[in-house]
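Thanks, everyone. Let me put the structure on the screen, and then I'll walk you through a few places in it.

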Amino acid sequence: MKTQLEEDKRRKLVQVTGQTLEEALQEAAIELGCRIKDLEYEVIEKGSSGFLGMGKKSWLVVASLAVQKVKEEVREEEAGLGIEEMAPLPKDRDGQAFVRLSPDGVYLCVIPPEGKGKPVTERAALEAIARRTDASVDVNLVSKVVRKADGQFVRIAPYSYNPAHDAVLSVNITDGEMRAYLLAQPPREGGTDPTAEMIRDFLKMNGVEYGLKEDVIEEFERNPRYGQEILIAEGTPPRHGEDAKIVYNFETNPSRIRLKERDGRVDYKDLNLVQNVVAGQVLAKKIPPGKGVPGKTVTGTLLPARDGKDLPIPVGKNVKLSEDGMVAVAEINGQVMITGGKISVEPVYTVEGDVSLKTGNILFLGTVIVKGNVEDGFSVKASGNIEVKGSVGKCELDAEGDIVVHQGIAGKSAALIRAGKNVVSRFIENARVEAGEFVLVSDGIINCTVSANKKIICHGRRASIVGGKLIATEEIVAKNLGSVGGIETILEVGYDPRAKEKEEHLSQELEKLQDELKEIMLNLGTLENQRKTQKLSEERLKVYKELLLRRRELSLKVENLQKEIEDTRAYLSQLKTKGRISASGTVFPGVKIVIRDAVLQVKNEFKAVTFISEANMVKVTKYEEPEDLDKLDLLER
């Protein structure tokens, strides 16, 4: 039972992801209900922070309880179940006296007591002798044998032997020759008890040659039991080999919900219905069939055994077998499932309706297609593309490829849309959007924070950009920019938006550290002045040392931050992109145009213009039609 408990626990594997290895292990510890240090784990896919946030990947880890931890838990569970290892109980057994009748005399054997058992008395020994024979014995010798009680037979009297009156043996072979029973009739006057050797010879003469119970034969020689059948030999039944088995490393019941606990709370949106695997991951292993072990009857007849039946691992699409056929491995990233009785990995996960409480959040190592809407509060994350046939609300969409939303994004000031490549939507309202390449919209962008590593193109009959802050490396274009009401609309081009954001963030952090460092220097100066005139108290001396340590830490951080900022600014300055902002319709007052270091606050309307930068000034030129409009065709597919 103990071994079974340990094995059950060892088989419990969990597959988790995290932005860092520590986060993934924390997740595994939560699922297994243990500490991180009690885990054994294998990194299936290393994560990456990418460059400037691009190419970011999560860590994928498979974990289980460590062997030592399993043993500890099993001991605890056994204690809880009342299963304790029992210490062997002391045996109490009285001494015994045996009498054997042999051709050369009468023999006595006295066995000493065990534990709290009583020893054999001389009287008891004499009574045992009297029950077997009326031969005249040497009482003094009997007394010595009793006192010595060494378990050895000692001749205590001569015996008038009559071979014709020896004990009579017979054997009964039953159960298909699997058992043999010995029946002995007691010797008559002058007869003797059979020895172990005599019993073996008798059995052999009667065909019993396998499975002899030597302990029973030896015991019979010492203490014969007459008139009752004794199991004296037993055959070995054949043991058939077990059939092959397949151990799956994933949940084969797709409807089973696996809720995860975070910070003591269960998020019912994380149903984990999708089982992601990565290329090269082991999906199933085969336990080979067992070999049969032949048996044998007491007469020595061999009983053949059957070997276990083999069972191939059923593999389907995107799954391959190892050369020996013992392991099934995923060939691509995707969702593992059993379809048509075979293990398959699907690169595309399709949600037939909405992403809602019925489906939970979606996390998939491939492309996700949602045929309905993504309801408020849910998230869809994919290593491939995300395509939503309906609309997206206050949600989080995160894809390493494209994100295409056919009916538009109404973010309610809380939506986060992040794509490694393009974000394409009919409209975007009150959302934060980050794109590795293009943001393409046909009906308008309203009150959004948008950044694109290449272009933001808003092209269509109602294609307006109103409110918010939009940053693109190469170009921003729309029919109308701003609104009649003069709502503030900030448009910036000419630099990598993510690098620029990073530079701003680092600068803010540097400013905070410098302020703290400045305050520490002032406090240190005060304490050092005091040290020149008086001895500092222990408390002040402690503060002084802590300030010195903190100054050293901050100085190092400031130095590193300054270098990182310099590197980022160097990267931004070497970019050759000039950047431009265009409007085929109207540019309204309230719009702020920023092209690299040139800034123009629009105070009068412009019609069909393109803004460029010349001599560090924003110049207004004739409207130029943007390229890449064909990417909007993604919405029509």
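First, the ground rules. This is a predicted model, where local features need pLDDT of at least 70, side-chain atom pairs count only at pLDDT 80 or more, and totals for chains, interfaces and linings use all residues. Residues are numbered from 1 along each chain as its sequence is written, and side-chain values use heavy atoms, with hydrogens and water left out.

Now the chain. It has nine helices and 42 strands. Those are DSSP runs numbered from the N terminus: H or I for helices, at least four residues, and E for strands, at least two. Of the 637 residues, 41% are buried. Buried means under 20% relative accessible area, exposed means over 50%, and partly exposed is in between, using a 1.4 Å probe and protein chains only. Next, contacts, meaning heavy atoms within 4.5 Å. Take those between residues at least 6 apart in sequence: 47% join residues at least 24 apart.

On to a sheet. Strands β4, β5 and β6 form an open sheet in that order, with antiparallel pairing. Two strands pair if DSSP finds at least two bridges between them. The edges are β4 (96-102) and β6 (154-157), each pairing on one side only. From one strand to the next, the twist averages 35°. β5, residues 105-111, is joined to β6 by three bridges. Look at Tyr107: its bridge partner in β6 is Arg155. Helix α5, residues 139-148, packs on this sheet and touches β5 and β6. The direction of α5 makes about 155° with that of β6. Axes here are lines fitted to C-alpha atoms, for helices over the stretch in contact, and angles run from 0 to 180 degrees between N-to-C directions.

Now the helix pair. How do α8 and α9 cross? The axes of α8 (497-533) and α9 (538-573) come within 8 Å and cross at roughly 155°. That makes α8 roughly antiparallel to α9. The cut-offs: under 35 degrees is roughly parallel, over 145 roughly antiparallel, 65 to 115 roughly perpendicular, and the rest oblique. α8 passes α9 in a left-handed crossing. Left-handed means the near helix is turned anticlockwise from the far one by less than a right angle; clockwise is right-handed.

Five bridges pair β19, residues 334-339, with β20. Val336 stands opposite Val345 in β20.

Stay with β13, residues 276-277, for Asn276. Is Asn276 buried or exposed? Buried, at 10% relative accessible area. A polar atom of the Asn276 side chain lies 2.5 Å from the backbone oxygen of Leu363. The Asn276 side chain also reaches the backbone nitrogen of Leu365, at 2.7 Å. Beyond four places in sequence, Asn276 contacts Gln15, Gln281, Gly334, Leu363, Phe364 and Leu365.

Last stop: Leu321, in strand β17 (319-321). Leu321 counts as partly exposed, at 37% relative accessibility. Not counting residues up to four places away, Leu321 touches Ile313, Val315, Val327 and Ala328.

Over to you for questions.

Key: A polar contact is a pair of N or O atoms within 3.5 Å; within protein, one must be able to donate a hydrogen and the other to accept it, and residues adjacent in sequence count only if both atoms are side-chain atoms.
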